[in-house]
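Have the model open while you read.

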Amino acid sequence: MATEIKLPRLGQGMESGTIVKWLKSEGDKVEKGEPLYELDTDKVTQEVEADASGVLLKIAITEGEVEVGKTIAVIGEQGEEVATDVQEPSGEAAREVSDDEQEEGTPARAREQERERGRRASAEPSEQAAAMRASAENGGGGGRIKASPLARRIARERGIDLSAVAGTGPEGRVVAEDVERTAASGAPAPIAAPPAPTEGVEVEQLSSMRKTIARRLTEAWQAPVFQLGVTVDMGRALELRQRLVEMHGNGVKPTISDLVTKVCATALLRHRAVNALYRGDAVELYPTANIGIAVAVPNGLVVPVIQGCERKSIAEIAAARASVVERARAGKLQQADLEGGTFTISNLGMFGIERFIAVLNPPQAAILAVGSTEEKPVVVEGEVVVRPRMELTLTCDHRAVDGATGAEFLGDVKAFLEEPGLAL
Amino acid sequence: MPELSYREAVRDALSRAMRQDDDVFVMGEDIAEMGGSMGVTQGMLDEFGPERVRNTPISEMALAGAAIGAAMQGMRPVAEIMYEDFLTLATEQIVNQAAKHRYMSGGQLTVPVTFRTQGGSGWSPGAQHAQQLEAWFVHIPGLKVVFASTPTDVRGLLWSSIYDDNPVVFFEHRTLYGLKEEVPDELEPIPLGKARVHREGEDVTVIATGRLVHEAIAAAGEAEHEGVSVEVVDPRTLQPLDEDALISSVKKTNRCVVAHEAVTRMGFGAEVAAVIQYGAFDWLDAPIERVGAKFTPLPFAPVMEEWCVPHADDVLEAIYRTLGRAESSN
């Protein structure tokens with residue numbers, strides 16, 4: 001019996017993925033657990049393993065974006081017949097898929113409604129089909145914009161959002177003229193038409209990751225944020241770090257970042273309003289500090305998460321950090337590495353940046369920007385002395401965190417770094 | 001330049017080929033003394049004699065088979081099937097024999113036969129004498145199919161068909177025989193597989209065959225009064241099809257109407273629509289409109305026949321539909 005390989009849901013909220021390439025060809029033998037294809041989700045590119053053994057009979061979708069649950073390939077026995085129409089799950093199969101993957105939120109429900117309508121339409125062709133057509137005509141077509149292929153092409157080329165264009169064609173279809181008019185008026189086009197590339201300009205299409213970065217950071221920009229800054233005396237912290245390095249044995253050498261992660265975890269549990277996700281109609285306060293570390297990778301930025309930092313020693317945090325950073329740079333992160341974060345730390349100290357403001361990582365309520373540690377003249381007990389100083393800037397989503405709450409949290413982080421014993 | 005009718009242009013191509021080349025001859029029912037039921041071969045018996053202008057028994061299968069046999073023996077016969085409705089009787093010979101021998105003999109045989117036939121409505125000949133069956137033959141690999149719409153085209157295309165080494169089914173339209181136009185003194189062969197742009201336009205392309213070419217030109221004239229610029233393209237050869245010409249026209253106008261007299265369902269226009277949507281998908285600003293006869297046997301009654309088959313008005317309405325205008329203004 002052939003097994004249909006469907007696009008898996010690799011993480012919460014994943015609706016679709018982009019198949020980058022197949023690692024096996026049609027006709028190849030495949031063992032369960034063997035890497036089968038590379039999948040680009042909005043967070044990572046990863047190899048997906050075969051969930052059946054046999055012969056790869058058919059690759060239904062060779063590349064491109066695919067909805068979760070859609071059949072992308074068939075594995076079976078050599079010579080087995082494959083139904084040619086394996087692309088659309090139908091009947092019971094569709095029901096199973098959607099039941100298995102029932103989830104909160106509207107997209108899945110909308111899809112299920114579409115399927116239900118399709119099933120009813122095929123059962124009673126005449127009336128139901130008419131009803132379906134009528135509903136589609138009334139704009140009930142699941143949000144699909146009616147536009148001619150030419151209008152779509154022009155919109156694509158000029159970066160015009162079709163949903164912002166009023167259609168004047170039959171049944172409200174957007175035709176080329178409508179797009180031209182919108183382009184000319186310039187008003188509803190959210191993306192300005194880029195000038196034609198000149199000599200020497202390299203045009204890089206956005207990868208899934210870059211699109212996600214763009215979407216999420218634009219989203220973040222809408223949040224009402226405020227920043228709080230402190231300067232930390234790093235004398236004790238550096239001594240502690242030095243001791244830990246001397247004692248690290250075969251483990252990973254701890255860094256200042258690891259120390260900051262650890263003390264943040266302790267402070268977050270004392271100020272749980274900061275260890276929170278803002279959900280629009282609720283704020284979720286988390287009992288564990290799952291701290292995301294912003295990692296620069298060759299083609300963008302990822303934020304792998306170290307789970308339960310409050311329970312981990314600095315050495316354990318260092319080991320976990322080294323592991324995710326290495327995998328991030330190798331492009332080997334799994335979806336699970338990126339999920340569940342409750343707070344993010346972004347450190348540009350190693351680049352000599354003394355202070356900066358990090359952009360919120362929604363739905364998290366706060367993000368900490370860590371600067372470099374610099375020798376600075378400061379006044380201690382009436383004397384000017386030189387001390388290692390580090391600036392921290394906390395960006396808070398004011399919908400979840402108030403100024404005083406943020407200040408108390410940041411005050412504790414400062415205190416713990418200046419006197420690590422307080423964090424015990 | 002002499003003025004020739006479509007009928008005379010057909011005769012001119014036949015006669016010139018027969019004068020030039022002893023291998024060419026014509027055969028068919030009542031084509032000799034009577035000159036064919038449409039008068040196309042009138043006078044040819046006198047010039048070429050009964051050996052080369054041959055009357056045949058009233059058996060389309062026999063005459064088609066004989067023509068195919070002659071072609072396989074090296075002749076270039078032109079067989080007349082009096083009405084294309086009667087192609088049904090010769091279909092075994094055309095589809096299973098003529099279309100296949102070159103392929104099945106591994107190229108050792110060729111079948112350079114031309115089946116001339118005519119049909120179409122407009123003079124109330126009834127359900128068995130007015131059909132348009134060209135699409136059937138376009139479906140058969142091994143055949144070429146021509147449908148000429150003007151005197152110049154019919155002459156140049158028939159010449160090329162006679163001298164093509166493959167079997168050609170050559171469609172003429174009954175109502176076009178009287179159509180006159182000036183044609184060049186010299187017969188200019190028109191290559192098979194080359195479309196003709198009758199009229200250039202910017203807004204909508206009408207791809208039309210046979211009688212509908214003239215209806216489309218009339219509709220284009222009407223549309224022009226409304227400020228709509230229509231391009232009219234006649235593929236002329238349905239197989240091989242000049243896909244590039246059709247696609248590039250639609251890429252220019254972004255809208256397409258396909259028009260023929262045959263019924264719309266499974267008509268030649270369906271194939272053209274498929275070619276256009278594939279080749280010009282990102283250039284289409286409206287669904288491709290099809291114009292053709294209603295899906296019914298044709299009635300005898302003239303008013304009913306007229307209602308069933310498409311005319312310039314139908315083409316015009318389709319043009320306006322591609323522009324998102326519900327009806328023409330008149």
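This is a predicted model: local features need pLDDT of at least 70, side-chain atom pairs count only at pLDDT 80 or more; totals for chains, interfaces and linings use all residues.

1. The largest core holds 108 residues, and the ones with the most contacts inside it are Val206(B), Ala216(B), Val257(B), Val315(B) and Ile319(B). Helix H1 of chain B, residues 6–20, supplies the largest share of this core, at 7 residues. There is also a second, separate core of 54 residues, and its members include Val225(A), Tyr278(A), Val295(A) and Leu338(A).

2. Which residues is Val206(B) in contact with, leaving aside neighbours within four places in sequence? The list runs to Ala216(B), Ala220(B), Val230(B), Val232(B), Val257(B), Ala259(B), Val315(B) and Ile319(B). As background, nonpolar side chains in soluble globular proteins tend to be buried together.

3. Now chain B as a whole. Chain B has 330 residues, and 52% of them count as buried. Its secondary structure comes to 12 helices and 14 strands. If you take the contacts in chain B between residues at least 6 apart in sequence, 78% join residues at least 24 apart.

4. On to where the chains meet. Here 8 residues of chain B are in contact with 10 residues of chain A. On the chain B side, the residues touching chain A split into 4 nonpolar, 2 polar and 2 charged.

5. Chain A has an open sheet of 4 strands, ordered E1-E8-E6-E3 and paired antiparallel. Strand E1 (3–6) and strand E3 (29–30) of chain A are the edges, each pairing on one side only. Strand E6 (residues 54–59) and strand E8 (residues 71–76) of chain A run antiparallel and are joined by 4 bridges.

6. Last, helix H4 of chain A, residues 149–158. Its buried residues are Leu150(A), Ala151(A), Ile154(A) and Ala155(A). Helix H5 (176–185) of chain A is included in what covers the buried residues of H4(A).

Technical notes. Residues are numbered from 1 along each chain as its sequence is written. Chains are lettered from A and ligands numbered from 1 in the order in which they are written. A nonpolar core is a set of buried Ala, Val, Leu, Ile, Met, Phe, Trp, Tyr and Cys residues joined through C-beta atoms within 7 Å. A residue is buried if 20 or more other C-beta atoms lie within 10 Å of its own, exposed if 12 or fewer, and partly exposed in between; C-beta atoms are placed from the backbone. Helices (H or I, at least four residues) and strands (E, at least two) are DSSP runs, numbered from the N terminus. Two residues are in contact if their C-beta atoms, placed from the backbone, lie within 7 Å. Ala, Val, Leu, Ile, Met, Phe, Trp, Tyr, Cys and Pro count as nonpolar, Asp, Glu, Lys and Arg as charged, and the others, Gly among them, as polar. Two strands pair if DSSP finds at least two bridges between them.
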